[in-house]
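Hello,

Here is the structure I promised to pass on. Please have a look at it first, and then read my notes below.

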Amino acid sequence: MKRVEVGKMRRGDLVKRRNPQAQIVWNILQLLLGSMIVALSFNMFLMPNGIASGGVSGISILVQKLTGLIPALTQWAINIPLFIAGLLLLGRKFGAKTLLGTLVLPLFVLLTASVPAPTDNPILAAIYGGIGVGLGLGLVFRGGGSTGGLDLAAQLLHRFTGLPYSLAVVCFDGCVIIAAGFVFSPETSLYALIGLFVTSKTIDFVQNGLQLSKVAFIISEHTEEVAQAILHDLDRGLTRLDGHGGYTGAGRTVLMVVVGQNEVSKLKQLVRSIDSGAFVIISNTAEVLGQGFKLENS
């Protein structure tokens, strides 16, 4: 389905919205499935190889090494007080999904503790553990949930110190990884960094997918002809923006259009055939939501 302007939607192109109750159930299923994948990745790859790649799960690996306490208990012992603190200090914005993730993830870690490790190679464990954790967390985030943990601690630190949230997350994860270097070995910390990097990239992939779109801004002396060609020949919608020349101050119309990667060449050919002197800017955009692209209710 291709995007068309509001008011020019073809018959049958109306967006089908999901039933709200069904959406809630789907979000909870994503949270549960994501938590199970995280738990399996933790027990199959990270924990057996001592790869504490940040977060409460990383702390639980260190505690298990030092005291023998099973990771699930450590995770509950940290997650629940952090959730209560967040609820009291930051308000009720965390919601039931955060509470569910806070309780369910350690439960799944406990239930899957006996799953055998498929490898004792730390590099493979860091890579595949990172992929699994990233996949699981990506599903949790797509369901609008959270697994709590040090993300809540980072929010509290950001709230009361003014430290940027992303930097707070890095600080907490960095402390866990450094601690792993003392508890296990410096080399283990390097593996943990690999796992953390792979996790972050996998989360981005789950959130944004591989369908990288392009956004084009077009300034032409033949704006109307270019607009009609995009609407009818390329069959894409567009937006007209008001612009002014930086040197002359003259008013100009800027056309903004979003296309798929496979349509970029056709767009450039259309513009060139109408106005060879047109000024065209094309850049990547990670995600596009709306008619003709991804339809998402969250």
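A convention to begin with: a crossing is called left-handed if the near helix is turned anticlockwise from the far one by less than a right angle, and right-handed if clockwise. Please keep in mind that this is a predicted model, in which local features need pLDDT of at least 70 and side-chain atom pairs count only at pLDDT 80 or more, while totals for chains, interfaces and linings use all residues. Residues are numbered from 1 along each chain as its sequence is written, and side-chain values use heavy atoms, with hydrogens and water left out.

**Overview**

The protein has 10 helices and 4 strands; these are DSSP runs numbered from the N terminus, with helices being H or I of at least four residues and strands E of at least two. From the N terminus on, the order is α-α-α-α-α-α-α-α-β-α-β-β-α-β. Of the 298 residues, 41% are buried, where buried means under 20% relative accessible area, exposed over 50%, and partly exposed in between (1.4 Å probe, protein chains only). If you take the contacts between residues at least 6 apart in sequence, 73% join residues at least 24 apart; contact here means heavy atoms within 4.5 Å.

**Helix 9 and helix 10**

Helix 9 (residues 223-232) passes helix 10 (residues 264-274) in a right-handed crossing. Their axes are 10 Å apart and the packing angle is about 150°. For all such values, axes are lines fitted to C-alpha atoms, for helices over the stretch in contact, and angles run from 0 to 180 degrees between N-to-C directions. Helix 9 contributes Glu225, Val226, Ala229 and Ile230 to the contact, and helix 10 contributes Leu267, Leu270, Val271 and Ile274. By class, that contact has 7 nonpolar residues, no polar ones and 1 charged. The classes count Ala, Val, Leu, Ile, Met, Phe, Trp, Tyr, Cys and Pro as nonpolar, Asp, Glu, Lys and Arg as charged, and the others, Gly among them, as polar.

What else does helix 9 pack against through its buried residues? Those residues are Thr223, Val226, Ala227, Ala229, Ile230 and Leu231, and they pack against strand 1 (213-219), strand 2 (239-244) and strand 3 (251-260) as well as helix 10.

In the loop between helix 9 and strand 2 you will find Asp235. Asp235 has a positive phi of about 60° although it is not a glycine. Most residues other than glycine have a negative phi. With a relative accessible area of 22%, Asp235 is partly exposed.

**Helix 1 and helix 5**

The axes of helix 1 (residues 20-46) and helix 5 come within 7 Å and cross at roughly 165°. The two helices are therefore roughly antiparallel to each other; angles under 35 degrees count as roughly parallel, over 145 as roughly antiparallel, 65 to 115 as roughly perpendicular and the rest as oblique. This crossing of helix 1 and helix 5 is left-handed. Among the residues that meet are Leu31, Gly34, Val38 and Phe45 in helix 1 and Tyr128, Gly132, Gly136 and Val140 in helix 5. The contact divides into 13 nonpolar, 8 polar and 1 charged residues.

Ser146 is found in the loop between helix 5 (122-142) and helix 6 (150-161). Is Ser146 buried or exposed? Ser146 counts as buried, at 14% relative accessibility. Apart from neighbours within four places in sequence, Ser146 touches Lys97, Thr98, Gly101, Thr102 and Val140.

**Helix 6 and helix 7**

Helix 6 and helix 7 pack at an angle of about 130°, with axes 8 Å apart. That makes helix 6 oblique to helix 7, and the crossing is right-handed. Leu150, Asp151, Ala153, Ala154, Gln155, Leu157 and His158 of helix 6 meet Tyr165, Ala168, Val169, Phe172, Asp173 and Val176 of helix 7. This contact has 9 nonpolar, 2 polar and 2 charged residues.

Helix 7 (residues 165-183) has 19 residues and reaches 27 Å from its first C-alpha to its last, close to the 27 Å expected, the expected span being 1.5 Å times one less than the number of residues. Its buried residues include Ala168, Asp173 and Val176.

Gly181, also in helix 7, is buried at 15% relative accessibility. Beyond its neighbours within four places in sequence, Gly181 is in contact with Pro186 and Ser189. Gly181 and Ala52 are 129 residues apart in sequence, and their C-alpha atoms are 9.4 Å apart in space.

Best wishes
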